[in-house]
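Here is a short tour of one protein model, written to be read beside the coordinates. Keep the viewer open and follow along.

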Amino acid sequence: MSAPDSVALTKALLAFDTINPPGRERDCARYTGGLLHEWGFKVDYFEYAEGRTSVVARAGGSDAKAPLCFTGHLDIVPLGTRKWSRDPFSGETDGDRLFGRGTSDMKAGIAAILLAARNTAKQLNGRPGIVLVLTAAEEGGCIGSQHLARTALLGKAGAMIVGEPTSNYPYAGHKGSLKFYAKFRGVSAHGSLPELGVNAIYKAAKAVGALEKFDFAVKKHPVMGAPTMNVGTFEGGQGVNMVPDEATVGVDIRTVAGMDHAELLSRLKKTLGGETEVSVFSDMNAVWTEPQNEWVQRVFEIAGRHLGARPEPKAQTYNTDAGNLLRVYKGAPTVILGPGEAAQAHQTDEYVSMDRIRQSVAIYEELIRDWCGA
Ligand SMILES: [Zn+2]
């Protein structure tokens with residue numbers, strides 16, 4: 001299949017079961033890499049663990065200007081507990097809708113990136129070119145891109161398009177996240193003699209009270225608004241007749257552009273008390289490009305023409321790999337723009353509009369030609 005259309009290619013990608021966990025992106029990664037190789041791209045693979053394969057592919061390149069990056073993830077979320085009325089992997093259609101797990105989030109986006117790359121590949125010689133970063137393990141923590149960003153494979157990029165679901169509306173960024181567990185320790189004793197112990201639940205409860213009143217001390221972001229905090233879990237104690245010697249709370253903070261996570265974390269640790277053991281399990285920076293940026297204005301113009309209205313600056317609520325990739329592609333203006341519907345992500349009977357996939361290919365192609373002067 002060397003010349004598939006966008007719907008056929010999305011269906012081909014759907015057929016790979018890349019449900020994460022466990023992920024198993026390798027076959028899907030090899031398939032996309034094989035196509036790109038056939039179309040003249042230089043393809044590299046990277047596995048941070050057995051079978052967890054990411055793809056980096058590039059075409060064109062010049063000293064004058066860095067390439068345009070397109071990124072998307074190959075893994076998908078589990079099917080959930082509700083029964084599907086459509087087959088999640090075979091690519092059933094109904095009218096304009098193509099059903100399946102990962103249609104919107106985001107194999108349609110991957111298909112659109114691949115086809116725009118194929119359609120422009122021959123014109124990229126001696127031009128700034130493009131680099132495609134197709135990641136493993138985005139769902140549940142952006143682990144694949146975190147590892148990839150530590151390698152030399154990413155090279156350079158002058159701007160970035162994240163193909164996550166936006167119904168092709170260009171978003172200028174998204175919030176960041178800082179998630180951690182805070183563990184409180186006490187001393188166990190018999191429930192009838194609590195004065196002999198130290199109650200870890202009391203410690204944790206006081207800390208939760210302090211977190212509820214925590215002042216982020218940042219101005220509202222004009223588009224993202226204010227940062228938020230949610231204490232999502234509270235665990236502790238082994239029996240009602242015992243003084244608990246351990247309690248743990250799980251905290252989910254969503255940050256806005258401009259916040260320094262390291263500084264925030266040190267203030268939070270002070271709030272929680274010096275003895276508290278804090279273990280961070282997700283640390284993703286917010287992504288934001290000022291909408292006045294020249295390239296973002298070009299994206300707004302090009303996407304606006306296809307959408308029939310000029311976009312307004314907006315930010316997404318979900319995280320993407322961009323937070324990790326921007327550690328390498330420092331300062332690259334970034335937009336999130338892809339064919340999936342954000343509301344369909346992670347839903348039972350997930351679908352994508354087939355017209356949107358075709359529209360996405362057209363927008364991506366125009367953005368490539370615009371960037372490369374081709
Ligand atoms: Zn996604």
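Which residues does Asp321 touch, not counting residues up to four places away in sequence? Asp321 meets His73, Thr135, Glu138, Cys142 and Ser145, where contact means heavy atoms within 4.5 Å.

## About the model

This is a predicted model, in which local features need pLDDT of at least 70 and side-chain atom pairs count only at pLDDT 80 or more, while totals for chains, interfaces and linings use all residues. Residues are numbered from 1 along each chain as its sequence is written, and side-chain values use heavy atoms, with hydrogens and water left out.

## Around Asp321

Asp321 sits in the loop between α7 (294-307) and α8 (322-325); helices (H or I, at least four residues) and strands (E, at least two) are DSSP runs numbered from the N terminus. With a relative accessible area of 3%, Asp321 is buried (under 20% relative accessible area; exposed is over 50% and partly exposed in between, with a 1.4 Å probe and protein chains only).

The side chains of Asp321 and Ser145 are joined by a polar contact of 2.7 Å. Such a contact is a pair of N or O atoms within 3.5 Å; within protein, one must be able to donate a hydrogen and the other to accept it, and residues adjacent in sequence count only if both atoms are side-chain atoms.

## The zinc site

His73, which Asp321 touches, is also a zinc ligand: His73 (NE2), Asp105 (OD) and Glu164 (OE) coordinate the ion at 1.9 to 2.1 Å. Donors are N, O and S atoms within 2.8 Å of the metal (3.2 Å for Na, K and Ca), and water is not among the atoms, so sites may look incomplete.

Along the chain, the donors follow the spacing H-x31-D-x58-E. His73 in strand β3 (residues 68-73) and Asp105 in helix α3 (residues 103-120) are 32 residues apart and link distant parts of the chain. Both His73 and Asp105 are buried.

## Two helix pairs

Helix α1 (residues 6-14) and helix α2 (residues 26-38) cross at roughly 150 degrees, their axes coming within 10 Å. That makes α1 roughly antiparallel to α2. Axes are lines fitted to C-alpha atoms, for helices over the stretch in contact, and angles run from 0 to 180 degrees between N-to-C directions. Angles under 35 degrees count as roughly parallel, over 145 as roughly antiparallel, 65 to 115 as roughly perpendicular and the rest as oblique.

Helix α5 (residues 200-212) and helix α6 (residues 261-272) pack at about 135 degrees, with axes 9 Å apart, so α5 is oblique to α6. Here Ala207, Ala210 and Leu211 of α5 meet Leu268, Thr271 and Leu272 of α6.
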